[in-house]
Amino acid sequence: MPTRLPHLSFVICHLAFPLLALAAPPTAASEHHRHADLGNGSYLNPILPGDHPDPSILKDGDDYYLTNSSFDSYPGLLIWHSKDLVNWEPVGPALRKNVGSVWAPDLTKFNGKYYIYFPGVKDGRHDNYVITADNIHGPWSDPIDLHLSEIDPGHAVSPDGHRFLFLSGGDLVPLADDGLSTTAKPRKVYNGWKYPDDWIVESFSLEGPKVTHHGDYYYLTVAEGGTAGPPTSHMVVSARSKSLEGPWENSPYNPIIHTQSRDEKWWSKGHATLFEGPAGQWYIVYHAYENGFYTLGRQTLLEPVTWTDDGWFKSAGYDPAKPIPKPQGPAVPNGFAFSDDFSTNKMGLQWSFYKGSDTDAQRFRYQNSSLILQAKGDSPANCSPLTFITGDHSYQVQVEAEVSDNAKAGLLLFYDDRLYAGLGFDKSHFFMHRYGADRTSARAPSSSLHLRLINDRNILSMFSSTDGITWTRFPTGINVSTYNHNTRGDFLSLRPALYAAGQGQVTFKNFQYDALPTK
């Protein structure tokens, strides 16, 4: 829908932040955000743009299922489905009960049942959990605590059918036959691969073990070097053994994947899973940060690998920053539209609560193409905002919000409860949010407003309107490029968000998302 804006140049001054009436419309936009399939028999990474780290992939006949770390987002552990590894459709969230920040999961299938093993990190404590389902679409069980303190569990099965988990640090622990408990303590069976001393990394951090059986060997694929920090930190390392208990022989092709220079497009490449794709072609799926767009988090990439005559795998040599031949297979409907008229429930598919508790599921309802959200806390920091993942370099988001009683409503770019930016209001005032601080601004003209944010390659502009036609801009622009893990930790990403704080409720309507052209 075209935006009508007045040709005015006056300034409305009130308190600390004047509002500027716009004299020109924003850049033309489109809902069609980044898509890996180029439509010409090739694809361009990432296959899942935006914050989709620690990918775990399961080949299930001709179908492929994938999940990622969901960290503090609930519902979490969103499962994706594909047949060609490039086009992905959401299946649904597998985790609804909060067990802390959810790190690197492992999605697997054993004797007809699906399992996801994953760490939950809460109050400085690491625990590992498992959830199960008879159908990939669910329902999934509540998480079962395995009472393991390491992280990044990777499921493996021995030739005699016994089940194990590999853990960070190279540990191996046996599982009960049902996979829901351990039968002994972990013990170290692999020490990793030692990279040269002069490599600039974040830390050694042997983690993310994934086991694949091929031919006469088990192949253990692990991450080393730390997941962030320097661009050259992360890497993919491989070892093989004829027994899960070792001895493990490191690959002569290590590191299989590694960022060599800060000049590359993809930084900190690592945490891979090795698997067989369509038509017998083998691949690894891994994550990486995009040079210049750390705010998007770690995105999911796909690369072909080849097997050597002596039974090792190595990169097929494609540049992940350039088009790569697309795997065979039919394309499923890819992704979903981010614009939301709130006529259907997209919780867990698109929207999720930051640090959502079990009670947050009772805070919202859909009614008359509106999302009605009960207020919580008193600011974005403690109200569990609703967020979603985007992978676009530039985009525009807007929503209509109406507040009742003493509620506050807002539209944000949200990293975590201490780092966010955007615009909010109640019946009395506007609020400008910057660096995680909340500042009262000009008097709000109405209890119902349209809010708009434009994120132009990490430069944020903020707008409001009483009718959705004439827009007024806050003169304060914000550089949000530092709203990322290397500033704040926690491995998160900067996401569009809605919030409802204070007392009462907020009614949201007509959420619109538009990807802006890359300049």
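This is a predicted model: local features need pLDDT of at least 70, side-chain atom pairs count only at pLDDT 80 or more; totals for chains, interfaces and linings use all residues.
Residues are numbered from 1 along each chain as its sequence is written, and side-chain values use heavy atoms, with hydrogens and water left out.

Start with the sheet. It is open, with four strands in the order β23-β24-β25-β26 and antiparallel pairing. Strands here are DSSP E runs of at least two residues, numbered from the N terminus. Two of them pair if DSSP finds at least two bridges between them. β23 (266-276) and β26 (313-315) are the edges; each has a single partner strand, so one side of each lacks a neighbour in the sheet. Look at β23 and β24 (residues 282-290): seven bridges join them. L274 sits opposite I284 in β24.

Now the charges. The structure holds 19 salt bridges. The cut-off is a Lys or Arg side-chain nitrogen within 4 Å of an Asp or Glu carboxyl oxygen.

One of them joins E290 and R34, at 3.0 Å from N to O. E290 lies in β24 and R34 in the loop between β2 (19-21) and β3 (42-43), so the pair ties together parts 256 residues apart in sequence. E290 is buried at 2% relative accessibility. R34 is partly exposed at 23%. Buried means under 20% relative accessible area, exposed over 50%, partly exposed in between, with a 1.4 Å probe and protein chains only.

Last stop: D417 and R418, 4.0 Å between the closest N and O atoms. Shared partners join K355, D417 and R418 into one network.
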